[in-house]
Amino acid sequence: MKNKVILVSSDQLGKGEKELGEGVLETFFTLLKQREELPVAIFCMNRGVITLTEDSFVSVHLKELEEKGVEVFACKTCVDYYEIENKLVAGKISGMPHFIDLASKYEVITIS
C-alpha cells in the first residue's frame with residue numbers, strides 16, 4: 001500500500017446486502033491497519049463520508065489509521081450534502097482540488 005491513496009466512495013464494499021457490504025468494508029480496514037506498509041492517504045467521497053461518522057464501525061479503524069500517520073479526508077461537498085459535519089469522528093474536511101493533487105502524485109485504489 002506504500003505510495004497509494006485509497007478512494008472510499010461508499011459506506012459498504014461491493015454490491016448486494018447492506019449489512020454484508022458494511023462488514024466486508026470493516027474487515028478491509030481492520031486488516032489494512034495491521035500492515036506495515038500503509039497508504040499515504042484515504043479520501044472519502046459520496047457515501048464514503050459516512051464511514052467517518054459515529055454511525056459506522058469503520059470509523060474506529062479509520063481513526064486508528066489516522067493515528068498511525070495516514071491522512072484521512074472527507075469530501076466537503078459530500079459532508080455538506082449528508083449534513084454530517086458534526087458527526088465526523090475521524091478525518092479532516094477537504095475538497096476535490098486536494099484529491100486531484102493526491103491523485104497526481106500517487107496511485108489511487110478505489111473502494112466502492
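A residue counts as buried when its relative accessible area is under 20%. Ser 94, with a relative accessible area of 12%, is therefore buried. This briefing concerns a predicted model. The chain has four helices and five strands, which follow one another along the sequence in the pattern β-α-β-α-β-α-β-α-β.

**Overall form**

- The radius of gyration of the chain is 13 Å, which agrees with the value near 13 Å for a compact globule of 112 residues.
- Along the principal axes, the C-alpha atoms fill a box of roughly 35 × 30 × 25 Å.
- Of the 112 residues of the chain, 40% count as buried.
- The accessible surface comes to about 6300 Å², and carbon and sulfur atoms account for 51% of this area.
- Among contacts between residues at least 6 apart in sequence, 74% join residues at least 24 apart.

**The nonpolar core**

- In soluble globular proteins, nonpolar side chains tend to be buried together.
- The largest nonpolar core in this model contains 32 residues.
- The residues with the most contacts inside this core are Phe 29, Ile 42, Phe 43, Val 49, Leu 52, Leu 62 and Leu 65.
- Two or more core residues come from each of strand 1 (4-8), helix 1 (18-32), strand 2 (41-44), helix 2 (58-67), strand 3 (71-75), helix 3 (76-82) and helix 4 (96-105).
- Phe 43 has a relative accessibility of 0% and counts as buried.
- Apart from residues up to four places away in sequence, Phe 43 touches Ile 6, Leu 7, Val 8, Phe 73, Cys 75, Ser 94, Gly 95 and Phe 99.

**Aromatic pairs**

- The model holds four aromatic pairs.
- One of them joins Phe 28 and Phe 29 in an edge-to-face arrangement, with 5.0 Å centre to centre and 85° between the planes.
- Phe 43 and Phe 73 form a tilted pair, with 6.4 Å centre to centre and 35° between the planes.
- This pair links distant parts of the chain, as Phe 43 belongs to strand 2 and Phe 73 to strand 3, 30 residues apart.
- Phe 73 is likewise buried, at 5% relative accessibility.
- Ring pairs join Phe 43, Phe 73 and Phe 99 into a cluster.

- Ser 94 is located in strand 4 (residues 92-94).
- Beyond its neighbours within four places in sequence, Ser 94 contacts Phe 43, Phe 73, Ala 74, Cys 75 and Lys 76.
- Thr 51 lies in the loop between strand 2 and helix 2 and is buried, with a relative accessible area of 0%.
- The side chain of Thr 51 reaches the backbone oxygen of Gly 48 at 2.6 Å.
- With residues up to four places away in sequence set aside, Thr 51 touches Val 8, Ser 10, Asp 11, Leu 25, Cys 44, Ser 56, Val 58, Ser 59 and Leu 62.

**Lys 68 and its contacts**

- Lys 68 occupies the loop between helix 2 and strand 3 and is partly exposed, with a relative accessible area of 49%.
- Leaving aside neighbours within four places in sequence, Lys 68 is in contact with Lys 33 and Leu 38.
- A polar atom of the Lys 68 side chain lies 2.5 Å from the backbone oxygen of Lys 33.
- The C-alpha atoms of Lys 68 and Asn 86 are separated by 23 Å, although these residues are 18 apart along the chain.

**Positive phi angles in loops**

- Asn 46, which is not a glycine, has a positive phi of about 50°.
- Asn 46 is placed in the loop between strand 2 and helix 2, where it is partly exposed at a relative accessible area of 43%.
- Glu 83 also has a positive phi, near 55°, and is a residue other than glycine.
- Glu 83 lies in the loop between helix 3 and strand 4 and counts as exposed at 71% relative accessibility.

Technical notes: Residues are numbered from 1 along each chain as its sequence is written. This is a predicted model: local features need pLDDT of at least 70, side-chain atom pairs count only at pLDDT 80 or more; totals for chains, interfaces and linings use all residues. Side-chain values use heavy atoms; hydrogens and water are left out. A nonpolar core is a set of buried Ala, Val, Leu, Ile, Met, Phe, Trp, Tyr and Cys residues joined through side-chain atoms within 4.5 Å. Buried means under 20% relative accessible area, exposed over 50%, partly exposed in between (1.4 Å probe, protein chains only). Contact means heavy atoms within 4.5 Å. Rings of Phe, Tyr and Trp (its six-membered ring) pair if their centres lie within 6.5 Å; planes under 30 degrees apart count as stacked, over 60 as edge-to-face and the rest as tilted. A polar contact is a pair of N or O atoms within 3.5 Å; within protein, one must be able to donate a hydrogen and the other to accept it, and residues adjacent in sequence count only if both atoms are side-chain atoms. The radius of gyration is taken over C-alpha atoms; the globule rule is 2.2 Å times the number of residues to the power 0.38. Accessible areas come from the Shrake-Rupley method with a 1.4 Å probe; for residues, only the protein chains shown count as cover.
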